[in-house]
Amino acid sequence: SRIFWAFDGHLFLWNQLATEITIRDLAIQSILTPKSRANAAFTFAGGLVRSFIDHILITNENTPFKPSSGIRMIGVSDTNTIRDCQFWNIKGTAIEIGHGSEIRISGGRIIGDGSRNDGSIGVHVTGNNGGVHLQSTDVIALNTGMLLDSSSGAGSNREIFIT
């Protein structure tokens, strides 16, 4: 399925905790209007647990309207898998991970537009995370490939695996 993202806002927004969901096999194309960095294709404002996101393409495909952010897991992020997703010309954050454990990002590509000092981030681990695995994933042409900090205020990160 192809979804056209034609407005400056979150494309899909969950305000409550999202539990045991699967999102797969979607192509999202950013069109018609510029997107601000804070807006993402998938925003889990209440957190995301025990879930799968796979085979997602987020792109602007020959339009000047680059996608902002891809997947934002705000709050608790626990036991989730993001597999074989493609993020092209991202100008915000491709994947933001809230506090929790056992997050697996496997395969796929995270690609910025090659601009330097634009604030783009591939993977942002926001604090109090354990067991974050980044496996066989291309992270290319972003201002910051992977950012580990405590911006969530939840504490330091531990057990970050990059293979």
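Asp 113 is in contact with Lys 66, Asn 89, Ile 90, Asp 118 and Ala 141, leaving aside its neighbours within four places in sequence. The model is a predicted one. In it, Asp 113 lies in the loop between β10 (109-112) and β11 (121-125). The points below cover this residue, the strands beside its loop, and the aromatic side chains.

**Asp 113 and its surroundings**

- The side chains of Asp 113 and Lys 66 are joined by a polar contact of 2.5 Å.
- Another polar contact, of 2.8 Å, runs from the side chain of Asp 113 to the side chain of Ser 115.
- Thr 79 is 34 residues from Asp 113 in sequence, and the two C-alpha atoms are 30 Å apart in space.

**Strand β10 and its partners**

- Strand β8 (residues 86-90) and β10 run parallel and are joined by three bridges.
- Ile 90, one of the residues in contact with Asp 113, has Gly 112 in β10 as its bridge partner.
- β10 also pairs with strand β13 (residues 138-140), in the parallel sense and over three bridges.
- Within β13, Val 139 stands opposite Ile 110.

**Aromatic side chains**

- The structure contains four aromatic pairs.
- One of them is formed by Phe 12 and Phe 42, with 5.4 Å from centre to centre and 10 degrees between the planes. This pair is classed as stacked because its planes are under 30 degrees apart.
- The pair links distant parts of the chain: Phe 12 belongs to strand β2 (residues 12-14) and Phe 42 to strand β5 (residues 40-44), and the two residues are 30 apart.
- Phe 12 is partly exposed, at a relative accessible area of 29%, whereas Phe 42 is buried, at 2%.
- Phe 12, Trp 14, Phe 42 and Phe 44 are linked into a cluster by ring pairs.

**A charge over a ring**

- Lys 35 has its charged end over the ring of Trp 5, at 5.7 Å from the ring centre.

Methods:
Residues numbered from 1 in each chain as written. Predicted model: local features only at pLDDT ≥ 70, side-chain atom pairs only at ≥ 80, totals over all residues. Heavy atoms only, no water. Helix = DSSP H or I, 4+ residues; strand = E, 2+ residues; numbered from the N terminus. Contact = heavy atoms within 4.5 Å. Polar contact = N/O pair within 3.5 Å; in protein donor to acceptor, adjacent residues only side chain to side chain. Phe/Tyr/Trp six-rings, centres within 6.5 Å; stacked < 30°, edge-to-face > 60°. Buried < 20%, exposed > 50% of the residue type's maximum accessible area, 1.4 Å probe, protein only. Lys NZ or Arg CZ within 6 Å of the ring centre and 35° of its normal. Pairing = 2+ DSSP bridges.
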